[in-house]
Amino acid sequence: MTRLRRWLSAIVAALMAAGLLQGPLQPAEAAAGNPAYCSPQVDKLDNRKFGKDIPVILVHCIQGSSVDWAVGGSGRSFYDTLDSLPYVSVAQAFDYDAEVIDLITPETIHPAAEKLAATIHCASTISKRSGGQGKVIVVGHSLGGLVTRLALSYTATDKNGKSRKVPGMVSQVVTIGTPHRGLGDPATRSAIPAIVPKFPANVNVLAIAGDVTEVETRNGVVVKAKHLKGDGLVPVNSATNGHSKQGTAERESYVYA
């Protein structure tokens with residue numbers, strides 16, 4: 001998580017590029033848990049009073065959990081630092097059973113993506129009813145980025161049966177060390193594109209990778225890099241490429257050296 005905090009500068013740039021709104025906080029609908037219109041699948045949101053702030057959902061990595069984002073304490077965790085930024089509020093450190101996803105298969109990853117899609121729907125609806133944009137920012141670490149990719153292929157339905165396409169509720173996705181093109185082994189290189197669709201063409205994506213010794217950029221986008229070591233597990237080329245369809249939305253890569 002230390003490395004994740006050092007990548008905040010890249011994430012801040014992504015948030016500012018998402019068309020963030022200013023304005024005073026306004027209360028969301030009060031409820032003992034989530035509002036009644038949210039799916040029962042959705043865990044209780046950490047925050048339901050976004051006002052005009054854009055809600056952020058954090059999606060952890062394999063063999064991780066939602067508490068990983070809070071490591072650090074005394075207000076210095078990734079969660080706390082992100083939540084303290086202007087114009088955004090962390091809605092939830094999303095949790096899924098990452099222990100069972102040792103291999104990426106439809107049986108293991110689809111339940112996580114379905115739950116995330118419902119959570120995005122819930123946060124988006126609260127935002128809309130609170131005077132916000134109704135748009136959500138999702139930050140996915142490693143496997144969390146793949147769960148996010150898959151969730152954006154869904155149509156989410158609330159408790160009342162009202163359906164909305166998930167991409168229309170998302171303004172920005174940030175992936176950190178996500179194996180978009182698989183790991184070094186042939187199994188994940190073939191499994192991921194077969195199971196996880198690319199991000200829709202209308203969703204802005206910032207893909208972050210780490211541990212590169214020499215990088216050449218043009219207008220803030222990596223065009224050439226040498227000695228691509230990655231983060232020790234996910235190769236840089238996999239973390240920054242192969243995740244998006246062609247379209248008009250922004251596609252950016254940030255490599256932390």
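Predicted model: local features only at pLDDT ≥ 70, side-chain atom pairs only at ≥ 80, totals over all residues.
User: In what order do the 6 strands of the open sheet lie, and is the pairing parallel or antiparallel?
Analyst: Strands of a sheet pair through backbone hydrogen bonds, and this can happen in either the parallel or the antiparallel sense. Here the edge strands, each pairing on one side only, are strand 2 and strand 10 (251-256). The open sheet formed by the 6 strands has parallel pairing, and its order is 2-1-3-6-7-10.

User: Which residue of strand 3 is the bridge partner of L58?
Analyst: Strand 1 pairs with strand 3 (residues 136-141) in the parallel sense, and 4 bridges join them. In strand 3, the bridge partner of L58 is V139.

User: What angle does the direction of helix 4 make with that of strand 1?
Analyst: Helix 4 (residues 106-129) packs on the sheet, where it touches strand 1, strand 2, strand 3 and strand 6 (170-176). Its direction and that of strand 1 make an angle of about 165°.

User: What is the phi of Y87, a residue other than glycine?
Analyst: Y87 is placed in the loop between helix 3 and strand 2 (88-94), and at 23% relative accessibility Y87 counts as partly exposed. The phi of Y87 is positive, with a value near 75°.

Definitions and conventions. Residues numbered from 1 in each chain as written. Heavy atoms only, no water. Helix = DSSP H or I, 4+ residues; strand = E, 2+ residues; numbered from the N terminus. Buried < 20%, exposed > 50% of the residue type's maximum accessible area, 1.4 Å probe, protein only. Pairing = 2+ DSSP bridges. Contact = heavy atoms within 4.5 Å. Axes fitted to C-alpha atoms, helices over the stretch in contact; angles between N-to-C directions.
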